[in-house]
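Me: I have a model open and want to learn how to read its features. Can we go through them one at a time?

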Amino acid sequence: MVLSCGTSTVLSRAVGPSTNRSLAFLASSLSGSAAKIPCISLGPFVQPGAAESVEEKASVAQAVCQAAQEVGMFFVQDTGIDPSVTRRAREVTRAFFALPMEEKESVSIRHCPARMRGYQRIGDNVTQGKRDRHEGFDVYRDFPRQHAEDMETADVGTSLLRGVNQWPSEHAAPDMRLFFEDHYIPAMLQLGDATMRAMALGLGLSEYFFRAYYDRSFWVMRLLHYPPHLGRQVRAPQLYGCGEHTDYGCLTFVNQDPHVTGCLEARLITGEWVHVDPLGEGILAVNVGDMLERWTGGQFRATPHRVHQPDEDRVSVPFFFEPNCDAVIEPFGLSAAAPGGGVGSTRASMSSGHVRESVVYGEHLAKKVASNFSL
Ligand SMILES: O=C(O)CCC(=O)C(=O)O
């Protein structure tokens with residue numbers, strides 16, 4: 001069953017065999033820019049007993065791949081994550097940014113040799129040479145220097161990425177670390193796994209094809225705070241909360257303030273910019289990243305997106321579900337990427353140079369991180 005969710009298209013949790021058909025983008029019949037970003041129920045990939053629901057999974061898999069190909073961005077609902085968890089993540093984020101500056105500076109990114117884990121002031125983050133109008137707090141998978149499990153990555157040019165996270169003191173931010181480490185991050189990792197399994201099936205691969213590439217996912221969680229611009233009249237169009245970019249890895253799950261709209265935007269294949277406004281608690285926007293574009297030889301699209309400065313205070317918690325640091329991302333041959341009867345055969349592979357080359361994910365990331373900040 002395809003339902004309407006806000007102004008976007010929803011594949012309902014209750015998809016039945018009679019609806020096992022190609023999921024056309026009903027969004028085209030809806031009005032408004034948000035109609036172009038589909039909303040997909042991941043239920044069959046996260047519910048207990050989901051293994052039996054082969055037809056339901058196939059429908060979801062096809063919808064996810066179609067969205068990844070035609071838009072590069074979609075929403076997910078029925079994620080198995082309690083809405084209190086996504087809400088709490090933003091509450092904890094808001095409380096962190098409300099701390100006195102000296103507390104935030106105590107975990108500054110400036111204390112991290114690689115300048116990648118910790119707090120960033122407004123303007124530290126740079127996109128396309130311009131300072132972004134947000135403050136942030138970045139947490140990566142801990143990657144200590146002598147971690148036996150990760151030692152095989154020592155020779156892939158990613159030593160820059162090694163290190164452990166900085167957290168504010170328990171006194172300043174009670175339970176912040178506990179909440180994220182014990183609840184939020186594990187939930188996001190499960191969600192990433194469910195979405196990647198759907199993508200694999202939709203590509204005509206085994207459901208677990210990608211797992212070996214992300215079973216030690218070098219994930220990143222960013223806590224972001226966008227202060228409001230100083231009145232509508234002075235909102236300078238060239239100053240963004242976050243300038244135009246694509247994400248580096250596989251999938252980004254964006255947990256944005258449900259009541260603040262008009263900020264996150266995605267650029268469609270047509271070049272049109274559309275709002276990616278929140279649809280409700282627990283419904284997350286998902287970006288396809290550079291590695292999935294590369295893996296699929298350009299069939300999936302890493303969506304360019306940006307964030308306008310908000311009219312009111314905004315927090316957002318993007319979680320970047322990424323490959324292992326040492327994963328070699330090698331573009332599929334066209335036959336592997338094109339599923340029988342699936343969506344992969346409908347768009348010619350993009351043969352524009354770089355997406356056809358293999359890359360070690362950690363090396364790709366290290367290069368990007370090196371140009372992200374101006375401190
Ligand atoms: O603030 C947001 O909603 C998205 C932020 C973003 O695009 C990013 O950090 O890559």
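Me: Where is the place of Phe179?
Reply: Phe179 sits in helix H5. Keep in mind throughout that this is a predicted model.

Me: Is Phe179 buried, exposed or partly exposed?
Reply: Count C-beta neighbours. A residue is buried at 20 or more within 10 Å and exposed at 12 or fewer. Phe179 has 17 inside 10 Å, so Phe179 counts as partly exposed.

Me: Which residues does Phe179 touch, not counting those up to four places away in sequence?
Reply: Phe179 touches Arg88, Val92 and Tyr184. Take Val92: 87 residues separate Val92 from Phe179 in sequence, yet their C-alpha atoms are 8.5 Å apart in space.

Me: Now Leu201. Is Leu201 buried or exposed?
Reply: Leu201 also needs a neighbour count. There are 24 other C-beta atoms within 10 Å of Leu201, so Leu201 is buried. Leu201 lies in helix H5.

Me: What is Leu201 in contact with, leaving aside neighbours within four places in sequence?
Reply: Lys57, Ala58, Ala61 and Glu207. For a C-alpha distance, look at Ser59: 142 residues along the chain from Leu201, with a separation of 9.9 Å.

Me: At what angle do the axes of helix H2 and helix H5 cross?
Reply: Roughly 90°. The two axes, of H2 (residues 54-70) and H5 (residues 176-202), come within 8 Å. Angles of 65 to 115 degrees count as roughly perpendicular. Therefore H2 is roughly perpendicular to H5.

Me: Which residues make the contact of H2 with H5?
Reply: H2 gives Lys57, Ala58, Val60, Ala61, Gln62, Val64, Cys65 and Ala68. H5 gives Thr195, Ala198, Met199, Leu201 and Gly202. By class, this contact of H2 with H5 has nine nonpolar, three polar and one charged residues.

Me: How many helices and strands does the protein have?
Reply: The secondary structure comes to nine helices and 18 strands. Of the 375 residues in the protein, 47% are buried. Among contacts in the protein with a separation of 6 or more, 79% join residues 24 or more positions apart.

Me: Which residues surround the ligand?
Reply: The shell consists of Arg222, Leu224, Cys242, Asp247, Val254, Gln256, Leu264, His305, Val307, Ser316 and Pro318. Then sort by class. The shell around the ligand divides into six nonpolar, three polar and two charged residues.

Me: What does Gly289 touch, not counting residues up to four places away in sequence?
Reply: Gly289 touches Thr246, Asp247, Tyr248, Gly249, Cys250, Leu251, Thr252 and Ala302. Asp247 is also one of the residues around the ligand.

Me: Where is Gly289, and is Gly289 buried or exposed?
Reply: Gly289 is in the loop between strand E14 (284-288) and helix H7 (290-295). Gly289 has 23 C-beta neighbours inside 10 Å, so Gly289 counts as buried.

Me: Where are Gln128 and Asp175 found?
Reply: Gln128 is in the loop between strand E6 (126-127) and strand E7 (130-131). Asp175 is in the loop between strand E8 (135-140) and H5. Gln128 has 11 C-beta neighbours inside 10 Å, so Gln128 counts as exposed. Asp175 has 13 other C-beta atoms within 10 Å and is partly exposed.

How values were computed:
Residues are numbered from 1 along each chain as its sequence is written. This is a predicted model: local features need pLDDT of at least 70, side-chain atom pairs count only at pLDDT 80 or more; totals for chains, interfaces and linings use all residues. Axes are lines fitted to C-alpha atoms, for helices over the stretch in contact, and angles run from 0 to 180 degrees between N-to-C directions. Helices (H or I, at least four residues) and strands (E, at least two) are DSSP runs, numbered from the N terminus. Angles under 35 degrees count as roughly parallel, over 145 as roughly antiparallel, 65 to 115 as roughly perpendicular and the rest as oblique. Two residues are in contact if their C-beta atoms, placed from the backbone, lie within 7 Å. Ala, Val, Leu, Ile, Met, Phe, Trp, Tyr, Cys and Pro count as nonpolar, Asp, Glu, Lys and Arg as charged, and the others, Gly among them, as polar. A residue is near a molecule or strand if its C-beta atom, placed from the backbone, lies within 6 Å of it.
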